[in-house]
Amino acid sequence: PGQLGPNPIRFNSQNNPFDTDSTFHLIDSTGRTTFKAKSIMEPILYYSTKEYRNQKFVSETYNFSQFTIRPDGRLPSYMRIDTASMQGVLQFNNQGTMMACAGYPISFDAYVKLPAVTSGNLIVRTTADTTLHGNGQCTTTGLNTDSVHLKFSWTPPAGSRGLYNVFVSAKDSNCIPPYNHYLQVYTWSFHIDSCLSPAGISDVEKGDNITLYPNPANDKLTITSTENFSDVKIFNLLSQLMYEKKMKGTKRFEMSTAELPAGMYLVNIDEKYMRKLVVER
């Protein structure tokens, strides 16, 4: 509070009494901010956003968020992604970012809910149609209740690379004097890569003529097909080639996965088909 410009003074007890101790945390790749307030206050957070293109600095913008901390025991809303409905997401990394491939559809269902509330008034909005390139969209049902359903879909354009974010805001009113509003902001982060999928490769999930088993694999993997194939490549999610085997045309191939670290992989067969493979230990 009281500090302006690109480098406002950080917490101290005299002129910036933002008493969060060591709980304040900012993920600079997404802007997600979390902290635990230690007292009633009206803090202002100043953010600086720098944009780089091709590793060159382009611009810098500043913005701020002001909000009020009140002594209220009302529990905030929470969000849950239905992973069983998820399509096109290869995995979550250790920061919760969803890893996916350019040109392949992504979709999932999510829910924003109020705990321990018999009647709620949630108003949920997303930036799916403004912060994503292409056809990103998210429909919501159940607004102005205690449980809102979100249905997300997006096909990253073929040239997409890097990190993309969708911000989900959930505003709740306690509906009783003094009619306080509670705002939660959630972030869906997507890291999009080419996944080495040239034109002509079938969808990761489509095609009945190729079978991988067991999947997840432990020590061995078997690939079968109704047609002959002669080239098998396995890539990790950083598009690094981890395994390659060329052979005479065959409809069945067995290999050891003992040298592959546990994780998610993409199996490229004859530059025509691609399958997800999970290796477990």
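1. Arg53 is exposed, with a relative accessible area of 52%; here, exposed denotes a relative accessible area over 50%, buried under 20%, and partly exposed the range in between (1.4 Å probe, protein chains only). The side chain of Arg53 meets that of Glu51 in a salt bridge with an N to O distance of 2.7 Å. Glu51 itself is partly exposed, at 30% relative accessibility. The term salt bridge is applied to a side-chain nitrogen of Lys or Arg within 4 Å of a carboxyl oxygen of Asp or Glu.

2. The model is predicted: local features need pLDDT of at least 70 and side-chain atom pairs count only at pLDDT 80 or more, while totals for chains, interfaces and linings use all residues. Residues are numbered from 1 along each chain as its sequence is written, and side-chain values use heavy atoms, with hydrogens and water left out.

3. A search of the whole structure finds eight salt bridges. One of them joins Lys233 and Glu244, at 3.8 Å from N to O. This pair links distant parts of the chain, eleven residues apart: Lys233 lies in strand β15 (residues 220–236) and Glu244 in strand β16 (residues 241–256). Strands (E, at least two residues) are DSSP runs, numbered from the N terminus. Lys233 is buried, with a relative accessible area of 12%, whereas Glu244 is partly exposed at 35%.

4. Lys233 also meets the side chain of Glu271 in a salt bridge (3.1 Å, N to O). Because Glu271 lies in the loop between β17 (263–269) and β18 (273–279) and Lys233 in strand β15, the pair ties together parts that are 38 residues apart in sequence. Glu271 is partly exposed, at 35% relative accessibility. Through shared partners, salt bridges join Asp231, Lys233, Glu244, Lys246 and Glu271 into one network.

Key
Helices (H or I, at least four residues) and strands (E, at least two) are DSSP runs, numbered from the N terminus.
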